[in-house]
Amino acid sequence: MAAQFFRGVVSQASGSSYFECGHTKVMCSVYGPRQSPCHQIECDVTISSFAQKPSLEEGNGNNILFTPPPTRNRSQRTTEERVLAARVADAVKTVILTKNYRRVSFHIVMIFLECEGDLIAPAINAASLALIDAGVELTGVLSACTVARLLTPSSSPEGSKAEQFVPDPCSALTTEQASHVAGQMTLAGSAELGTNATNYNCTRVNGIWTQGEFDVNSIHVSLGLGMDGCTSAGRAILRALGHLPA
């Protein structure tokens, strides 16, 4: 299932976006720039109480407006929400032209309406489009992709396991496949500023997060698939901006 992006969905924000892929739906708003003693990126993530998030262990839309559910204050954030917010902030810092925003801050507010699988890539993709919608100057379009590494039983007499890699597991994994996930790698990537939209291709790695088991070969394969996935997500963002045909 292809990811869907929409921009300008929260009228009160400086910029906003809505991202949907499979059973993951997230809305992001950006507020700022605001005067601050120093450059600062604040990020708050809320996973709504009605968002279902199964664990792997257990097996022209620009005019659409959404009313976000109420958010909790920071002291009530879960560990997962705080970690996710920190990773989004770290990723977007790599593409914001800091020299033009030395004494200002931006506040990114993100709400997951529905969840499935790893949330880092959807969060980064939503934040990227919202920042662009807000007119924030960036070094390039930031995008992200998660690659799942599967180890499934094979018919080999040695009892070895077959290795498989699945990009964007939030929309591509079946329930049975999810039970064989041995590891996940999420990449954030971008292209150089001024890259022609029709030739858009991610060439820079802006962040890597892994969990589970990876060996040298599986890291190499996941990096290649992840960068291809970042390119696809980046092109989807450009289509939402009207820089590429739908």
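**View 1. The five-stranded open sheet of the predicted model.** In this predicted model, 5 strands form an open sheet in the order E1-E2-E3-E5-E4, with mixed pairing; strands are DSSP runs of E of at least two residues and helices runs of H or I of at least four, numbered from the N terminus, and two strands pair if DSSP finds at least two bridges between them. Strand E1 (4–7) and strand E4 (40–47) are the edge strands, each pairing on one side only, and the twist from one strand to the next averages 15 degrees. E1 pairs with strand E2 (residues 15–21) in the antiparallel sense over 4 bridges, and Phe6 stands opposite Tyr18 in E2. Residues are numbered from 1 along each chain as its sequence is written. Local features need pLDDT of at least 70 and side-chain atom pairs count only at pLDDT 80 or more, while totals for chains, interfaces and linings use all residues, and side-chain values use heavy atoms, with hydrogens and water left out.

**View 2. Helix H1 against E4 and E5.** Helix H1 (residues 79–93) lies across E4 and strand E5 (104–114), running at about 140 degrees to E4; contact means heavy atoms within 4.5 Å, and axes are lines fitted to C-alpha atoms, for helices over the stretch in contact, with angles from 0 to 180 degrees between N-to-C directions.

**View 3. The crossing of H2 and H5.** The axes of helix H2 (residues 120–133) and helix H5 (residues 216–240) come within 11 Å and cross at roughly 35 degrees. The contact is made by Asn125, Ser128, Leu129 and Ile132 of H2 together with Ala233, Ile237 and Ala240 of H5.

**View 4. Helix H5 from end to end.** The end C-alpha atoms of H5 are 36 Å apart, which agrees with the 36 Å that its 25 residues should span at 1.5 Å a residue, the expected span being 1.5 Å times one less than the number of residues. At the start of H5, a side-chain oxygen of Asp215 reaches to within 3.3 Å of the backbone nitrogen of Asn217, and just after H5, Gly242 takes a positive phi of about 85 degrees.

View 5. An open sheet of 4 strands has the order E7-E6-E8-E9, with antiparallel pairing, and its edge strands, each pairing on one side only, are strand E7 (161–167) and strand E9 (204–212). Strand E8 (residues 181–190) and E9 run antiparallel and are joined by 8 bridges, with Ser190 standing opposite Arg204 in E9. H5 lies across strand E6 (142–153), E7, E8 and E9, running at about 140 degrees to E6.

Terms used: A polar contact is a pair of N or O atoms within 3.5 Å; within protein, one must be able to donate a hydrogen and the other to accept it, and residues adjacent in sequence count only if both atoms are side-chain atoms.
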